[in-house]
Amino acid sequence: MKDLTSAETIVMKTIWDADHEMSLSEIVRRANEAYEKDWKPQTVSTYLTKLVQKEFVRMHREGRFFFYEILVQEEDYRSEQADKFIKFWDEGSVIHFLESYYKGKTLAQGEKDELKKVIDGLG
């Protein structure tokens, strides 16, 4: 799977957060609102073209409008990005990552219990 630029990530997150396929105008509106951008349709169209080339979305036409279908699921991308991050920064160790992440932070007992359940469920 190819990496995304930060702008492409914002566009994909906007698409992933929707419960339906969206048109360009809806993607522009939602991305601008959610991420405090002032992107024009042409700008987002350029990012969408790159996302089509990278096979993250597929474009299809319905009448005068183009809609974008998700090809790469958010969880798959997040998992791969987390793996790359941990391999690069923490030598592949989730333990080192968690130590770095929680350094100087206080974990509530409920969070500790939930984290333990997640770890126990990994088998």
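## Asp83

Asp83 is partly exposed, because its relative accessible area of 39% falls between the limits of 20% for buried and 50% for exposed. The model in which this residue is described is a predicted one. Asp83 belongs to helix α4, which runs over residues 74-90.

Asp83 can also be placed relative to Val11. In sequence, 72 residues separate Asp83 and Val11, and the C-alpha to C-alpha distance between the two is 22 Å.

## The nonpolar core

Val11 is among the residues with the most contacts inside the largest nonpolar core, together with Met12, Ile15, Ile27, Leu48, Leu51 and Phe56. This core has 21 residues. Two or more of its residues come from each of the helices α1 (6-17), α2 (24-35) and α3 (41-53). Helix α1 supplies the largest share, six residues.

Met12 shows which residues meet in this part of the model. Leaving aside residues up to four places away in sequence, Met12 touches Leu4, Leu51, Phe56, Val57 and Val72. Of these, Leu51 and Phe56 are also listed with Met12 among the core residues with the most contacts.

## The largest pocket

The largest pocket has a volume of about 400 Å³. Its lining is made up of 13 residues, and those closest to the pocket centre are Val94, Leu98, Leu115, Val118 and Ile119. The elements that contribute two or more residues to the lining are α5 (94-102) and α6 (109-121).

By class, 11 of the lining residues are nonpolar and two are charged, while no polar residue takes part.

Technical notes: Residues numbered from 1 in each chain as written. Predicted model: local features only at pLDDT ≥ 70, side-chain atom pairs only at ≥ 80, totals over all residues. Heavy atoms only, no water. 1 Å grid on protein atoms, 1.4 Å probe; cavity = no way out; pocket = protein on both sides within 12 Å on 5 of 7 lines; lining within 4 Å. Points joined across faces, edges and corners; volume = space filled by probe spheres on them. Helix = DSSP H or I, 4+ residues; strand = E, 2+ residues; numbered from the N terminus. Nonpolar A, V, L, I, M, F, W, Y, C, P; charged D, E, K, R; others polar. Core = buried A, V, L, I, M, F, W, Y, C linked by side-chain atoms within 4.5 Å. Buried < 20%, exposed > 50% of the residue type's maximum accessible area, 1.4 Å probe, protein only. Contact = heavy atoms within 4.5 Å.
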